[in-house]
Amino acid sequence: MALKFDDISMNTIIGNGSAVSGDLRINGFIKMDGDVDGNLETDGNVIIGENARLRGNISAKSVTVYGIVLGNIYAAEGIKLLSDSVVMGDLISHKVQIDDTSKFHGHCISIKDSDRYESEKDKFLQSKAIKERVILS
């Protein structure tokens, strides 16, 4: 039986000046201030600090971005692009907040209704996968 931690305390910190290459699977809340070249997956919340850079996709409960993300963000509970953040990728969530000083380039799906959200998310991801296969062929 896996232990399930409360999402109030931070379980993982990637400090400023750290560099990680490869995919990460984290249990719980993660704060990132360093550089990650790979996908980040967690069942908790993610904070991408103002000095952080991530090149890969994020899958989490919620994501708050102050730094730079070059990849897609999937977070059912919410996505916030704050301050001078930069995101080049797609956003899929029930709620999305983008500050006027943020830079965002990509598609955004934000639907409150859970059933419709899942349906539209699946359609979008299938369409995207088909397009990527055509481009690679």
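The legends below describe close-up views of one predicted model. Residues are numbered from 1 along each chain as its sequence is written, and side-chain values use heavy atoms, with hydrogens and water left out. Because the model is predicted, local features need pLDDT of at least 70 and side-chain atom pairs count only at pLDDT 80 or more, while totals for chains, interfaces and linings use all residues.

**Figure 1. The protein chain as a whole.**
The protein chain contains one helix and 16 strands. Helices (H or I, at least four residues) and strands (E, at least two) are DSSP runs, numbered from the N terminus. Along its principal axes, the C-alpha trace spans about 35 × 35 × 35 Å. Of the 137 residues, 39% count as buried. Buried means under 20% relative accessible area, exposed means over 50%, and partly exposed lies in between (1.4 Å probe, protein chains only).

Side chains of opposite charge can pair when their charged atoms come close. A salt bridge is a side-chain nitrogen of Lys or Arg within 4 Å of a carboxyl oxygen of Asp or Glu. The structure holds six salt bridges, and one of them joins Lys31 to Asp33. The closest N and O atoms of this pair are 2.7 Å apart. Are the two partners buried or partly exposed? Lys31 is partly exposed, with a relative accessible area of 21%, whereas Asp33 counts as buried at 18%.

**Figure 2. The salt bridge between Arg53 and Asp35.**
In this pair the closest N and O atoms are 2.5 Å apart.

Lys123 forms a salt bridge with Glu120, with 3.3 Å between the closest N and O atoms. Where do the two residues lie? Both are in helix α1 (residues 114–136), three residues apart, which is about one turn of the helix. Lys123 is partly exposed at 48% relative accessibility. Glu120 is also partly exposed, at 26%.

**Figure 3. Two surface patches.**
Patches are made of residues with over 30% relative accessible area and no salt bridge. Like charges are joined within 9 Å, and nonpolar side chains (Val, Leu, Ile, Met, Phe, Trp, Tyr) within 5 Å. Ile68, Leu70 and Met88 form a nonpolar patch, with about 240 Å² of accessible area together. Accessible areas come from the Shrake-Rupley method with a 1.4 Å probe, and for residues only the protein chains shown count as cover. Met88 lies in strand β12 (residues 86–88) and is partly exposed at 46% relative accessibility. A negative patch is formed by Asp113, Asp115, Glu118 and Asp122. Lys and Arg count as positive and Asp and Glu as negative, while His and the chain ends are not counted. The place of a charge is taken as NZ of Lys, CZ of Arg, CG of Asp or CD of Glu. Asp122 is in helix α1 and is partly exposed at 41% relative accessibility.

**Figure 4. Ser83 and its backbone angle.**
Most residues other than glycine have a negative phi. Ser83 is not a glycine, and its phi has a positive value near 55 degrees. Ser83 is found in the loop between β11 (73–81) and β12. Its relative accessible area is 31%, which makes Ser83 partly exposed.

Ala76, in strand β11, is 19 residues from Lys95 in sequence, and their C-alpha atoms are 7.8 Å apart. Ala76 is partly exposed, at 32% relative accessible area. Ala52 lies in the loop between β7 (45–48) and β8 and is buried at 1% relative accessibility. Its C-alpha atom is separated by 8.4 Å from that of Val69, 17 residues apart along the chain. Leu40 is in strand β6 (residues 40–42) and is buried, with a relative accessible area of 2%. Leu40 and Ser83 are 43 residues apart in sequence and 22 Å apart in space, C-alpha to C-alpha.
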